[in-house]
Amino acid sequence: MTRVDELSVAAYEVPTDAPESDGTLIWESTTLVVVTLSAGGEQGIGYTYADRSAAQLIAGKLAGIVIGKDVLDIESVWLAMHRAIRNLGRPGVAATAMAAIDAALWDLKARLAGLPLVKLLGQVRESCPVYGSGGFTSYSVERLQHQLGGWVDMGMKRVKMKVGRDPAGDEDRVAAARAAIGDRAELFVDANGAYDRKQALRMAELFADQGVTWFEEPVSSDDLEGLRFLRERAPAGMDVAAGEYGYDLFYFRRMLEAGAVDVLQADATRCAGPTGWLKAAVLCEAHCLRLSAHTAPALHAHVCCGSVPAVHIEYFHDHVRIEQMLFEGVLEPRGGALAPDVSRPGLGLELKETAARPYLTFGPAVTKRDGG
């Protein structure tokens, strides 16, 4: 038995490199919560994008659940955490806190085995395609075109932009994006639930003229009937996608049973870690549905290459920037895809502590096993 001897958690708030907004939200910073677990002479690292309260929850509630547990029994630890947060409300912050710990457990287990995580899971593909994601509604047309065009120049076959904040101007912005990428790549749009049903249907028809093949959250992801309405009426060749706000398996099941999406999105930093993400993958496979990883590309590369229904990973501007700033071992896309580095154990990541220190807002808070 290899018991967890120590858990350390810290939160880092990193300002954006420019004002950012989508159809329903404006933000100026992103918070990264990092968990480090020690056992058997190895350390595993996991993380989530959440509020610093997730770090406080880990230090105050979940650390005591994890300390002393056998690293190899990840499902058992996951269930213990799941029970511990029952009265707190499992979706939301609690699920993100679980996610960081769960990722660290998987990383630690793989390191103890001397394997990259993808090999521990069982590799089904050498690499997974990515799509460049950003194109914020706060961007000028010039910056929008430069960013999307730059990703295509890097070899990406798909790029995504935000829409919905100014519906009257969305058609022109999408046309400008298409002009920048030409016919070299697919164009995705994400409304973040900003439109109502009929408005979204009208926009889908307009976007189809620019060859848009992916319409993400055309209406609120809580409106399953609305998503199905759009899915059944969207132009041929345009997928309706949603699911990034799924924190548990029951959310994903309801979405799939409602026939709400062509492609499900799941985020391991929200749905309680790689364990929750892999459960969503099994659900998709049973429904013969495709699965796309939402953001956090450094975390998702391994699980996507170890999952049959995975089709691509969101190469999200904010998270790519933060991961490159604060982690060693971050993967670079080649030919529009991410391939896990099988020469490095676990996730292959190490925190750049010196680079991260200026952004520290909580911790590191350390919990140790008695006699560990």
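The paragraphs below lead through this predicted model, from its sheets and crossovers to its helix packing and its nonpolar cores. Because the model is predicted, local features are described where pLDDT is at least 70 and side-chain atom pairs count only at pLDDT 80 or more, while totals for chains, interfaces and linings use all residues. Residues are numbered from 1 along each chain as its sequence is written, and side-chain values use heavy atoms, with hydrogens and water left out.

Strands (E, at least two residues) and helices (H or I, at least four) are DSSP runs numbered from the N terminus, and two strands count as paired if DSSP finds at least two bridges between them. Strand E1 (residues 6-21) is joined to E15 by six bridges in the antiparallel sense, and Ser8 has Val366 in E15 as its bridge partner.

Right-handed here means that, with the strands pointing away from the viewer, the path from the first strand over the helix to the second runs clockwise. Six of the seven residues of strand E11 (residues 310-316) are buried, so E11 is largely enclosed by the rest of the structure; buried means under 20% relative accessible area, exposed over 50% and partly exposed in between, using a 1.4 Å probe and protein chains only.

Strand E6 (residues 186-190) is mostly covered too, with four of its five residues buried. Five bridges join E6 to the parallel strand E5 (residues 158-162), and the right-handed crossover from E5 to E6 passes through helix H6 (residues 167-181).

Two helices can be followed next. Helix H2 (residues 74-84) packs against helix H10 (residues 273-286) at an angle of about 100 degrees, with their axes 10 Å apart. That makes H2 roughly perpendicular to H10, a label given to angles of 65 to 115 degrees, whereas those under 35 count as roughly parallel, those over 145 as roughly antiparallel and the rest as oblique.

In soluble globular proteins, nonpolar side chains tend to be buried together. A nonpolar core is a set of buried Ala, Val, Leu, Ile, Met, Phe, Trp, Tyr and Cys residues joined through side-chain atoms within 4.5 Å. The largest such core has 119 residues, and those with the most contacts inside it are Leu7, Tyr47, Phe207 and Trp277. Helix H3 (residues 93-113) gives the most to this core, with eleven residues. A second, separate core of five residues includes Tyr131, Trp214, Ala241 and Val263.

Conventions:
Axes fitted to C-alpha atoms, helices over the stretch in contact; angles between N-to-C directions.
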